[in-house]
Amino acid sequence: MSLIVSLDRIQEEDREQVGGKVFSLAMLSQMGMNIPEGLCVKAEAYHQFVTCAGLSERILLEINRKNFKEMRWEEMWDAALRIRNMFLQTPIPKEIAEALRSPIEERFKDKAVVVRSSAPGEDSSQASFAGLHESYVNIRGTEAILEHVRLVWASLWSDAALLYRQELSLDIEKSAMAVLIQEIVNGERSGVAFGKNPNDGSQAVIEAVYGLNSGLVDGTIEPDRWILDRHTGKILSHRPAQREKWVRPLADGTHLEPLPADLCQRPPLTDEEVGKIFNQGLKVEKYFRAPQDMEWTFKEDDLFILQSRPITTISSGTSKDKRPWYLSLRRSFENLKALRKKIEEELIPAMVEEAERLSHQDVTTLSDIQLADEMARRMDIHGRWVAIYWSDFIPFAHGMRLFGQFYNDTVRPEDPYEFMELLGSGQLKSLERNQQLEEMAEMIRKAPSLASQLKQFKIIEDEGFKRKLAEFIRQFGDLSCSIGEQTQCLQGPEGITKILLKMASHPPAKKRWSSHRLDDLTSRFLSRFKGKEVGFAAELLDLGRASYRLRDDDNIYLGRIERALVVTIEEGRRRIEKRYRMKLEGVDPAEIMKALRRSDYVPKKRPPTEAIKVSSELKARQILGQPAGPGIAKGRARVILSASDLFAFESGEILVCDAIEPNMTFVVPLSSGIVERRGGMLIHGCLLYTSP
């Protein structure tokens, strides 16, 4: 069987070998539509590659490290990263490469191409999985094209594809990937056309931007949008965009550039061109007997169809399905740069200002009604910031992943996590918190009388220590509040005292890193590039470090606002307990507010949760997982089930938990190792354990 075929030679019997995307384009080409020239690397080439290279068995090992239903998104990313690295480290066997090289060289030579996925079953009438697999724009040269074919093959096992594993029917033996290699059309105006508006079935939608389509697809550039009557093609409305930038091709990729001034005030399409796109969409819909999501571009006055797929949904039909949200986290470099500016210049200053304002209010002076109102107000404030955390801060964490993929693609290290060493900037808020703890612990080491006062809970005479402790609590709380769940702060300053005494009883923890080592790693990394590539690599590294830093810092900032909420809840709890001379355990804040507003209301307790049954029979077993840091450690296991368990932690123990939260990382200097049930290389425990 030939491993590569031209679009104009594809027949119905080739559908399974070329995939849905390629088959659709081939049919459109053969019905006379304007389609860029292209070749398809058949799925058989993928099968031969993974079989000859022995990758099938290795992929099987990776995705069976853990019960797939129990894997979290970040664990899927880790698995996908390791599988991708296998493809990067495994050359295409000579026989397969030769079968592909000649047709590619003959058709494209030094022309710029797009290399796209076309998995069998992808873009069918039952399911459309846009964005799950990789596409590469503006690739030149036969060897570069073959390299990117291999990367598209690897994307069959991307974190996004693993997330939709059941719908994609991913099976080691049966799964395959065809690849479309298509001459790039450097259109001046590009966009998408939806044959049916998802929000109104009587309408069609056309979106357009200046330049290439990638800016629209990844959300970097806002498009002009036209709403049309689906039956007549009449334009019902036009919503203009704030036109400022466009994506243009460069010799080695694409670049976001300022839009020329003369285009900023002019819509990308005329009404006539909107109608032309709409009519093309109707023809495609009639041929495939389903409304289409069609990508297009204009080069001068010629309209090209780049791809077309049925309008379907990747949702499972339940509002609880958060997989589409996870896919939205995959941001482009330009999108992340804009998001960083928003976070650093707007959101964090606003969050800090909010926390400062709340921390200076004395809630003990409020009446019961006023306290209830203040509690409700702080709940609203906290809820608003939690929503911002999920919409802006969490997506920015993708900057670490973007840098990791770039590093592995360019450096090709044997260890797929080598890039983590470069991210250690040493400026994390959690590290600042731990450094302040260490400074107080050192004060205790040098002053036996201070240690004695703390152990016996006597009045602290050292004014310098008292000021430092008060400032620490103002900045970071009392260490016992679990961020994001409004669990109560039960320890108070005594909890910090316990930790400080334990830290002071041992020598300071040795630093795992040095600034000199980080500088050396950075220099070696950047020395791999030349010309403009150096600037891009440095900028991407800086973005990755900012993402790494904020991945942890944002939780500290959010924790300060949460602590302000908890202060009101605890004050309300104290008053109601005094009123009824009873302990309010298992009472929701809403019940406390009711009791504050009504002097005769007795808060209702939550029904007790069923205790977890633990088998008394213990058996030895091997635990499999992913190493998240170098070295071997041993020690007594300390299982952490709640925030209060942290204060029993002893130096040298192994921290065992469900997952490290930011509020837990203050015990990292005491631990000799960390074991988590879930998570990945970029979770909070790894950030702190591998940093300076």
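These legends describe close-up views of one predicted model.

Local features need pLDDT of at least 70 and side-chain atom pairs count only at pLDDT 80 or more, whereas totals for chains, interfaces and linings use all residues. Residues are numbered from 1 along each chain as its sequence is written, and side-chain values use heavy atoms, with hydrogens and water left out.

**View 1. The whole chain, with its confidence.** The chain has 24 helices and 16 strands. Both are DSSP runs numbered from the N terminus: helices are H or I with at least four residues, strands are E with at least two. Of the 692 residues, 53% are buried. Buried means under 20% relative accessible area, exposed means over 50%, and partly exposed lies in between (1.4 Å probe, protein chains only). A contact means heavy atoms within 4.5 Å. Among contacts with a separation of 6 or more, 67% join residues 24 or more positions apart. The mean pLDDT is 83, and 84% of residues reach 70 or more. pLDDT is the predictor's confidence in each residue, from 0 to 100.

View 2. Rings of Phe, Tyr and Trp (its six-membered ring) pair if their centres lie within 6.5 Å; planes under 30 degrees apart count as stacked, over 60 as edge-to-face and the rest as tilted. The count by this rule is 17 aromatic pairs. In one of them, the ring centres of Tyr389 and Phe393 are 6.5 Å apart and the planes meet at 25°, so this pair is stacked. Both residues sit in helix α14 (residues 368-396), four residues apart, which means about one helical turn between them. Tyr389 and Phe393 are both buried. Phe403 and Tyr407 have ring centres 6.0 Å apart and planes at 45°, so that pair is tilted. These two are four residues apart in helix α15 (residues 398-411), about one helical turn. Phe403 and Tyr407 are buried too.

**View 3. A cluster built from ring pairs.** Ring pairs link Trp77, Phe333, Phe403, Phe406, Tyr407, Phe419, Phe525, Phe529 and Phe536.

**View 4. Arginine over a tryptophan face.** Arg248 lies over the face of Trp246, 4.6 Å from the ring centre. A charge sits over a ring if NZ of Lys or CZ of Arg is within 6 Å of the ring centre and within 35 degrees of the ring normal.

**View 5. Helix α19 and its buried face.** Buried in α19 are Phe465, Leu469, Phe472, Ile473, Gln475 and Phe476. Seen down the axis, the buried residues fall within an arc of 165°, so they line one face of the helix. The arc is that of the directions from the helix axis to the C-beta atoms.

View 6. Glu273 lies in helix α11 (residues 271-288). Its relative accessibility is 14%, so Glu273 counts as buried. Beyond four places in sequence, Glu273 touches Arg189, Pro268 and Phe298. Gln453 lies in helix α18 (residues 448-455). At 10% relative accessibility, Gln453 also counts as buried.
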